[in-house]
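I open a notebook page on this structure.

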Amino acid sequence: MFGDLFDEDFSFLSNNQCGKPKSKLKDAELPVPRENTNLSGIKNQGGTCYLNSLLQTLLFTPEFREALFSIGPDELGSLEDNNKPESKVRIIPLQLQRLFAQLLLLEQHAASTTDLTDSFGWKSDEEMRQHDVQELNRILFSALETSLVGTSGHNLIKQLYHGTVVNHIVCKECKNVSERQEDFLDLTVAVKDVSGLEEALWNMYVEEEHFEKDNLYRCGACNKLVEATKSAKLRKLPPFLTVSLLRFNFSFEKCERYKETGSYTFPIRINLKPFCEQTELDDLEYMYELFSVIIHKGGCYGGHYHVYIRDIDELGNWQVLEEEGNMNDEDKDKDTENAKEKENPLRDLKNILMEEESKEIAVDRLAQKLLEKKSVSWNKRYRKQHGPIRKFLQSHSQTFLLSSDESRVKLNDQSHKLHFGSMSRSHPQNGDVKMSSEKVTTGLREYSSESHWFDLNDSKVQPIREREIEKQFQGNESAYMLFYRKSQMTRPSEDPFDTARGNPRYRVPSHLLKEMDAANIRLQKKRAECDLADNNIDLHLHVYSHYKFCNGALHPLLSQKESVLDLTTDKRKTLGELRQSVFQLLAFWEGNLVLSLAKPLPAGLHIYQTLEGDDSTLSGIGLFDGADIFVWNGKEVDGVEVQTSIDHEPIIINVLRLAGHNEGRMGQQFVESQHVFSCSSNLRTVCEALMSPKGIVLKNHSQCERESENWKVIPEEDMKKTLRNIGLSDGSSILVLGSHDQSMVNVAGGNLTAFTHDISWLQVTNFCRLEAEEMQVKITATIETVMADIRIKAIEEMQLDKELVNNSCLRPISRNGKLLCPVPEDYTVKEAELKMGSLLGLCSGKAPTATQLFLYYIVGHELQSSREMEIVVEETTTVRECLNLMLKKLDIAGDSWHLRKIDWCYEAGDALHEEGATLKELNICSGEILNVAEGKLPPKGFLKVPVWWYKSLSQLRHKSNMQDQVNSVSKKMGALGLSASGDSPTCLQSEADLCYVGDIEISGEAFLEDLKMQVMTLPFFQEFSIPLPEFLRVWTVENKHPCRLLRNNKQQLHKLKLGNRVEICIEPLHKREDLGPKDLLLRVQMGIPGERDYYHPVDLVWDISKEYTAYALRQRIASYYSLPVERIEIAKYSPGKFEWMPVCSWTQQVSKRRKKKKSDSLQLSSYCLKDGDIIGVKNLLLDDSKDFSTMKDDIGKQMQKQHYVEKTSSQQAVCVQSDHLSGKKVAKNRKPEASLSISVGVFS
């Protein structure tokens, strides 16, 4: 999706052979012209690939394009008047006209949609988000219809895209026909469990749905529930048929969205006669041709769109592809096929599937059989060339068919044919309608061999063959929207003076033609300016009279600005012409004039080569923009002979010397100085110049001078080599040691044994005696110093008792002052991972040995407020022994305790169940924090389950406390500045209440019925008369609220996925209950007419085995309250948000078939209906208000808003304070995601 985000900028990079960048940027950018296709792409603004694909489709819909162009400025207004307060400019159609004109006529590689998206009211963040192209299609058409109200194009969308569907319900008793007509701008068809477009249309408009048995229809004529049939037909066909494929679905097993990537065919030509209500017309009236395919690549949470489009008016240049197509494919691919025949696994996979009786096999099993047959796995033999096996099967859809979840594969029965849109099955039950695949569809290779198809992928446009569409049947990159046009629609091509073929100016308004012509003239002028700017180079002339030669390089006598002359010239000129220009510039020059290429170095200016060949162009001899030219006589500067070329390049060397030993604690110091040498000088000469002819020289092999291992001794035999041969360059460092310093060097190993920059200090604070005055000393140490030596030296410096030498340890101190684990005595500073300057604490007690663990532990459940205690144990100590040691240290008796780990969030984690295991076996390390928690762990395989008593809403609603609740709510509303409307409510919805009643221990192999029986033995339940377990309802508890309903008394607990930390709540019932897997338990409450409140809620069991739709739920609730379905309204309550979501039973026409669409299911977002959800009901016979909210909801929202504002303010204050202390900039808050919308003005 973001592929073109950075591809639209054009930069000018010179062929700088010395790596020198351009001295300045050119003012004019090069406008890229169109490519060979002569078609313009559209720039991606960051996430607008979906918009680009739809706009290109509309552009290549000539009837839409010309109808839009036919609306003149007298109706739409002018863009120049947009900022005038009284003018009403219809800016969206104007910007769309202008964009279409740019795409047709402007000589540029890609057009920008910035002006168009600005007219939508979109901001930069909206243009970075990707949305669904099907949603955009509807919203854009709606915006255009609104913008064109009151103009001649007010019915543009309706004329081109509007169609109607009629739904019939026929009563089987009285034969009464109920008819309902629906309008559509696009057809949404199913993909899941459907082989192609024609099968989906057959399911929608040919098959009938039967109302029978428990699912009867209430006939208006019979006034009773009867059996009936339901069907749908296309009544009116639009000139352009848009088909949206439902590629995205929801997996109930994985509880996540996924994309349907299985095979889904669609035809180039399709006959819609079998799906229409009127079939008397000629077949040509029902024929449609495919002209656009919008393709989605990626998953359901993101991806990229591009589009395949048929160039109906032949505006683009398709000849490039035609010439390639005229080549003999057999001759061209013969050698390639022979070379790859041995490596192609297609034949082997087909043979394996042919051997299967069912001709179908799991993909994993197919790979296993290939391994058995070839003695080598797919990944080793074929993955590098063909990718994963599933990808290979997808790419050969003509041979293999994958299931919808891509877990199984079978041979395509029609793999010997071109299976493109043909009917996958016949329908003999409808004898009146016969479909011939020969009439309905035509294969790609048989039809329209001269059709010009292009792939428009944002800025990139390339021609494609028609058969490329086959690859979009399935896979991660597959068709998402289809656009058909009536076959009878033709384009004017007879009159040579009024033809649309190959004429991009056809029907374009004159004012846009003038604007585009003027823009093209400006583009041509700009390209000429860019060409001139690209060939002009700036040269910096250095005149020898302004320079002196010293320290191996040239240095200016004056300032840098006064010593350099700038000359701009054309790089297409010759060297002789440049020499003449320099002569004219330097009128005072006498004698021979030599031009040499130079380069500024850290050491100074150096001459590399003399420019020769007066007839050669400047670009030919390698001159680049910003090059430095030294003008001299070619021999000397200021009487000194100058050595040129890269072999005598001067370099700066950092020379380090050992200055001597200091008496202080900072140890030895180095003195650093810089010297300039020619890279052709040998190292011995350098040492003599440094007055150390017999010294040892070490070279730094990295840029870090603080590590001794980075310094290596240069052998004696290398002392005669040049600096360049040794590997020294600008900024390199060498260490020169005299004879008295050579003890620091391991001559045999060739490295430095110690480096004085590693010598620093550590701070040690005395913690041995808390009552004594705190002492702190600095101890000199290196990274190789042993911790025991640091401890002894600290004791001596602080003059402490010598007894501490054998009974003390060093412990690092964290930034918040906490004492960390003691450091082992035999560790060095480096092994202890201590930084120089770290703070250590000298504490009583020996440091743990290599076989001991230092642990922290906290008693009880209040982890944040409890004090951490310390203990040292052997790593072979068992969990039970460690717990006993901790309890003994705490002077706590009893065995009702256990150990838990504390995670990184400082919360109690998993319990250590294996009390007989050692700490080492459980990977317990020094420094870990354990929690000594109260309670005995259950035996292995058992669960310890806390039990809560669940008081439902109906149990809490007693008259004794209702007035108190009303008064409390009224007080809260008054405090928040709210007022109650209407009469005071008699009851309020209250949260469910939980009361803790005890714990039970039960085996994970036990059944749910056993759990209920054991719960009934708790003392709390003795006062209740509960006859059987069926009178109890069990919920899991999360965040102190009921969550999941446990059903099926014969189900084992481990199969119900009850973990070690599960909690349950028990709800008593007045009657027996045995819910099945397809029974949904809802809390239904009827609204009180005229009041913002509800009656007592009731439990309603809804069988969802047949339907899980909004209409079925309305039927169930209406049946329970004995009300007509059309006279009730229902809504789902979200307690956490204090919001009601109306449950709408309106469904699109795509669901009018026997098999209901799962996208209508209430189990999907945004309803996500589950057990225990609250459903509000409004009786429209008594109350016409559709407001489901209560007074409590108003208070809850206000309190939530107030809490959010306070929380946000406190978080921002903390962030600002911390960022101020750390010097960081405060980051902006991320805005929440917004739905796609287009802002349109009001027109009449």
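**Entry 1**

I started at strand β9, where Asn-167 stands opposite Ala-232. Before going further I noted the ground rules. This is a predicted model, where local features need pLDDT of at least 70, side-chain atom pairs count only at pLDDT 80 or more, and totals for chains, interfaces and linings use all residues. Residues are numbered from 1 along each chain as its sequence is written, and side-chain values use heavy atoms, with hydrogens and water left out.

I took helices (H or I, at least four residues) and strands (E, at least two) as DSSP runs, numbered from the N terminus. Two strands pair if DSSP finds at least two bridges between them.

Which strands does β9 join? Strand β3 (residues 163-171) runs antiparallel to β9 and is joined to it by eight bridges. I found Val-166 bridged to Lys-233 of β9. Strand β6 (residues 209-211) is also antiparallel to β9, with three bridges. There, His-210 has Thr-229 of β9 as its bridge partner.

I then wrote down the whole sheet. It is open, has four strands in the order β4-β3-β9-β6, and its pairing is antiparallel. β4 (177-184) and β6 are the edge strands, each with a single partner, so one side of each has no neighbour in the sheet. Neighbouring strands are turned by 25° against each other on average, direction ignored. The axes behind this angle are lines fitted to C-alpha atoms, for helices over the stretch in contact, and angles run from 0 to 180 degrees between N-to-C directions.

Next I looked up burial. Buried means under 20% relative accessible area, exposed over 50%, and partly exposed in between (1.4 Å probe, protein chains only). Seven of the nine residues of β9 (residues 228-236) are buried, so the rest of the structure largely encloses this strand.

**Entry 2: strand β56**

I moved on to β56 (residues 1174-1179), where six of six residues are buried. In a regular strand the side chains alternate between the two faces of the sheet. I checked both faces of β56. Ile-1174, Gly-1176 and Lys-1178 are buried on one side, and Ile-1175, Val-1177 and Asn-1179 on the other.

How do the partners of β56 run? Strand β52 (residues 1079-1086) pairs with β56 in the parallel sense over four bridges. Met-1086 stands opposite Val-1177. Strand β54 (residues 1128-1134) is antiparallel to β56, with six bridges. Ala-1131 has Gly-1176 as its bridge partner.

**Entry 3: two helices**

I looked up α2 (residues 62-69), and seven of its eight residues are buried. Phe-64 and Leu-68 are among them.

In α27 (residues 1008-1015), the buried residues include Leu-1008, Leu-1011, Lys-1012 and Val-1015. Seen down the helix axis, the buried residues of α27 fall within an arc of 100°, so they line one face. The arc is that of the directions from the helix axis to the C-beta atoms. I recalled that an α-helix has 3.6 residues a turn, so residues three or four places apart point the same way.

What do the buried residues of α27 pack against? I listed β47 (942-951), β48 (993-1003), β49 (1032-1038), β50 (1041-1046) and β51 (1064-1068). Contact here means heavy atoms within 4.5 Å.

**Entry 4: rings and charges**

The structure holds 30 aromatic pairs. Rings of Phe, Tyr and Trp (its six-membered ring) pair if their centres lie within 6.5 Å; planes under 30 degrees apart count as stacked, over 60 as edge-to-face and the rest as tilted.

I picked Tyr-544 and Trp-589, an edge-to-face pair at 5.5 Å centre to centre with 70° between the planes. They lie 45 residues apart, Tyr-544 in the loop between β22 (536-543) and β23 (547-550), Trp-589 in the loop between α20 (575-585) and β26 (594-601). Tyr-544 is partly exposed at 29% relative accessible area, whereas Trp-589 is buried at 11%.

I went back to Phe-64 of α2.

For charges over rings, I required NZ of Lys or CZ of Arg within 6 Å of the ring centre and within 35 degrees of the ring normal. Lys-818 lies over the face of Tyr-856, at 4.5 Å from the ring centre. Lys-1178 lies over the face of Phe-1188, at 5.9 Å.
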